[in-house]
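Hello,

Here is the structure I promised to pass on to you. Please have a look at it, and then read my notes below.

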Amino acid sequence: MRTKKRRLISFVSLSFALIIMTTLMLGFVVMASPTSDMLVIDNADMLTKEEEQTIESALYQIYKQTDIEYVVYLAPSLDGKTVEEASLEAGRKLGVGDKEDNTGLLIYVALADREFRMEVGYGLEGVIPDSQAKKIIDCMTSYFKNENYADGLLAAVTKTVEILNDSGEYTISQDDDLLVGMIVVIVFIVVLCVASAFVDGGSGSSSSGHYYSSGYSSSSSSSGSFGGGSFGGGGASGGW
């Protein structure tokens with residue numbers, strides 16, 4: 001009975017330790033990177049919740065595969081500024097993009113003024129020059145004229161992926177099932193390790209665990225942060 005009790009205590013202790021360590025490790029990763037719910041800022045109520053989540057998912061796929069922080073910022077109006085001033089201010093204030101590489105993208109929309117702009121970080125100006133940025137935002141025009149804002153934004157995101165892939169510097173796929181599979185496998189391995197410690201746990205034995213941390217976070221999280229990047233004015237403007 002005492003042996004079984006010791007094994008039970010060992011099992012509970014190890015399980016608790018694994019939960020704490022995994023939480024801390026995942027928390028560190030989340031704090032060092034944006035979460036999906038940060039990538040669409042709808043201050044103009046242009047999107048439904050479902051539309052917002054769809055666009056967030058598309059932007060987060062780009063981030064996970066390229067480390068490019070790509071944000072959609074929807075504002076009620078320009079508030080007396082030009083669209084270039086407003087978008088540049090928003091991008092710099094948020095700190096979109098890696099601080100060292102400045103690989104950030106921002107689509108800024110001012111609803112009342114019917115203007116939009118794409119800001120391109122320093123580090124991406126060679127891949128997305130002004131002419132390519134113009135092609136991206138021009139995808140939105142016809143959709144926005146019909147107040148179909150979600151499809152317009154998704155068209156711009158799709159065009160961005162096309163341009164990034166064509167550059168040869170980035171490869172973005174639309175299938176992210178591999179990540180989910182990896183997480184399932186890791187969880188299964190952890191469970192096996194815990195079960196093994198419970199069954200074989202004699203006194204004096206020790207476990208040499210390998211811990212895995214993932215950059216994945218759910219859209220319900222809001223504890224991430226952007227990389228502190230900046231913009232130099234590269235991009236293109238338009239309207240509808």
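**What I found**

Along the sequence the order is α-β-α-β-α-β-β-α-α-α-α-β.

A word on the ground rules. This is a predicted model, in which local features need pLDDT of at least 70 and side-chain atom pairs count only at pLDDT 80 or more, while totals for chains, interfaces and linings use all residues. Residues are numbered from 1 along each chain as its sequence is written, and side-chain values use heavy atoms, leaving out hydrogens and water.

The average pLDDT of the protein is 78, and 66% of the residues score at least 70 (pLDDT is the predictor's confidence in each residue, from 0 to 100). Over residues 16-31 the pLDDT is below 50, and this stretch has 20 contacts in the model beyond near neighbours in sequence (a contact means heavy atoms within 4.5 Å). Residues 202-221 also have pLDDT under 50, with 31 contacts beyond four places in sequence. Where pLDDT is low, the predicted coordinates should not be read in detail.

**The overall picture**

Of the 240 residues in the protein, 40% are buried (buried is under 20% relative accessible area, exposed is over 50%, and partly exposed lies in between, with a 1.4 Å probe and protein chains only). The protein exposes about 13,000 Å², and carbon and sulfur atoms supply 55% of that area (by the Shrake-Rupley method with a 1.4 Å probe; for residues, only the protein chains shown count as cover). Among contacts with a separation of 6 or more, 76% are between residues 24 or more positions apart.

**The core and helix α6**

The largest nonpolar core has 56 residues, and those with the most contacts inside it are Y70, I107, Y108, M118, I128, F144 and L153 (such a core is a set of buried Ala, Val, Leu, Ile, Met, Phe, Trp, Tyr and Cys residues joined through side-chain atoms within 4.5 Å). Helix α6 gives the most to this core, with eight residues. In soluble globular proteins, nonpolar side chains tend to be buried together.

Helix α6 has 19 residues and reaches 27 Å from its first C-alpha to its last, close to the 27 Å expected at 1.5 Å a residue (the expected span is 1.5 Å times one less than the number of residues). Its buried residues include Y149, L153, V157, V161 and L164. The elements covering the buried residues of α6 include α2 (49-66), β2 (69-75), β4 (115-121) and α5 (141-145). Just after α6, G168 takes a positive phi of about 85 degrees.

Y108 is worth a click too: apart from residues up to four places away in sequence, Y108 touches a set including Y73, L78, V83, F116 and R117.

**Salt bridges**

There are three salt bridges (a side-chain nitrogen of Lys or Arg within 4 Å of a carboxyl oxygen of Asp or Glu). R117 and E119 form one of them, at 2.7 Å from N to O, and both R117 and E119 are buried.

D138 pairs with K134, with the closest N and O atoms 3.5 Å apart. These two are four residues apart in helix α4 (residues 130-138), so about one helical turn separates D138 and K134. D138 is partly exposed at 37% relative accessibility, and K134 is partly exposed at 33%.

E162 and K159 meet in a salt bridge at 3.1 Å, N to O. They sit three residues apart in helix α6 (residues 149-167), so E162 and K159 are also about one helical turn apart. E162 is partly exposed, with a relative accessible area of 39%.

**Some loop residues**

D45, in the loop between β1 (40-42) and α2, has a positive phi near 55 degrees. D45 is exposed, with a relative accessible area of 70%. E147, in the loop between α5 and α6, has a positive phi near 60 degrees, and E147 is exposed at 61%. Most residues other than glycine have a negative phi.

T103 lies in the loop between α3 (83-94) and β3 (104-110). T103 counts as buried, at 11% relative accessibility. Leaving aside neighbours within four places in sequence, the contacts of T103 include D67, I68, G97, L124 and Y170.

Happy exploring!
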